[in-house]
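Open the model in your viewer and keep the sequence panel beside it. The tour below goes stop by stop, saying what to select and what is there.

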Amino acid sequence: MNINVEDYLKNIYNIKNETGKVTNNLLADRLKITPAAVSDMVSKLSKSGYITNKPYRGFELTKKGEKIAISLIRKHRLWEVFLMKYLNYHWDEVHSDAENLEHISSEVLISRLEKFLGNPQYDPHGDPIPDKNGKFPEYNAVPLNSIQIGETVVIKKVSDENSEILEYFSKLGLSLDNKIRVTEKIKFDNSVEIMHKGKKIFLSEKLSARIYVQKK
């Protein structure tokens, strides 16, 4: 299958899960191309039976398109685990190379890779890894900015959409499974103050919305 088609299907799946609706503009922004180019590809994907375009609801993957998207996500996240665990990549470096590897990986290779890695359920950023049947492990983390003042939570996921976010997160001394407490929420800019190992850390609205946590 064409790599470009695969990228479209995977990004449609991700945007749908993140926002509940996929539009030309959202997809164009994610892929960094023009809305006109998206419209052209959407038409081709629809004719090929990968997506349906519904008025006022944007476009959605068919079962055929969703199966391909989930398979790519599975490959991508397994490669991220491998690159970080065995090739000493940092978590803000793995995405681009995993992006390339996901397109050249056979199902046989991925099954063996999964077994070699010990059947991991989550990637280095905390995203769940679907199994060979497309089933995702249980996942119930919520955005940090939804947590109330005084609550203690554990960091379970950080969005990998931007490597700079991951790099900054590391500079703050934060990582997955860290326990933090929300100490203040500033109304005028929606930033969040947390306490981590006795240290106060201020997180912007943008960053706190991309950190996912579970309550203790």
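In which helix does asparagine 25 lie? Select asparagine 25: the residue lies in helix H2. Helices here are DSSP runs of H or I with at least four residues, strands are runs of E with at least two, and both are numbered from the N terminus.

Before going on, note that this is a predicted model, in which local features need pLDDT of at least 70 and side-chain atom pairs count only at pLDDT 80 or more, while totals for chains, interfaces and linings use all residues. Residues are numbered from 1 along each chain as its sequence is written, and side-chain values use heavy atoms, with hydrogens and water left out.

Stay on asparagine 25 and show its surface. Asparagine 25 counts as exposed because its relative accessibility is 53%. The classes are buried under 20% relative accessible area, exposed over 50% and partly exposed in between, computed with a 1.4 Å probe on protein chains only.

**The whole chain**

Zoom out and colour by secondary structure. The chain has eight helices and eight strands. Its C-alpha trace spans about 55 × 45 × 25 Å along the principal axes. A compact globule of 216 residues would have a radius of gyration near 17 Å, and the 19 Å of this chain agrees with that. That radius is taken over C-alpha atoms, and the globule rule is 2.2 Å times the number of residues to the power 0.38. Of the 216 residues, 44% are buried.

Next, colour by domain: domain 1 covers 3-60, domain 2 covers 70-137 and domain 3 covers 140-213. These bounds come from an automatic or database domain assignment. Taken over C-alpha atoms, the centres of domain 1 and domain 3 are separated by 30 Å.

**The cores**

Select Leu9, Ile12, Leu45 and Ile51. These residues have the most contacts inside the largest nonpolar core, which has 22 residues. A nonpolar core is a set of buried Ala, Val, Leu, Ile, Met, Phe, Trp, Tyr and Cys residues joined through side-chain atoms within 4.5 Å. At least two residues of this core come from each of H1, H2, helix H3 (35-47), strand S2 (58-61) and H4. H1 gives the most, with six residues. The core lies between domain 1 (3-60) and domain 2 (70-137), because both give residues to it. Another core, of 20 residues, lies apart from it; Ile147, Val158, Ile180 and Ile201 are among its members.

**The pockets**

Select Asn14, Glu18, Arg30, Asp160 and Glu161. Of the 35 residues that line the largest pocket, these lie nearest its centre. A pocket is an open set of points on a 1 Å grid over the protein atoms alone, where a 1.4 Å probe fits, with protein on both sides within 12 Å along at least five of seven lines; lining residues have an atom within 4 Å of a point.

The volume of the largest pocket is about 1200 Å³. A volume is the space filled by probe spheres set on the points, with grid points joined across faces, edges and corners. H1 (3-19), H2 (24-31), H4 (63-86) and H5 (94-101) each supply at least two residues of the lining, and H1 gives the most, with eight. By type, the lining has 13 nonpolar, eight polar and 14 charged residues. Ala, Val, Leu, Ile, Met, Phe, Trp, Tyr, Cys and Pro count as nonpolar, Asp, Glu, Lys and Arg as charged, and the others, Gly among them, as polar.

Now move to the second largest pocket, with a volume of about 210 Å³. Its lining includes Lys67, Arg74, Glu107 and Asp131. H4 gives the most to this lining, with four residues.

Select serine 106, in the loop between H5 and H6. At 39% relative accessibility, serine 106 counts as partly exposed.

Go on to asparagine 119, in the loop between H6 and strand S3 (142-143). Asparagine 119 has a positive phi of about 55 degrees although it is not a glycine.

End at aspartate 177, in the loop between helix H7 (163-171) and strand S5 (179-186). Its phi is also positive, near 75 degrees.
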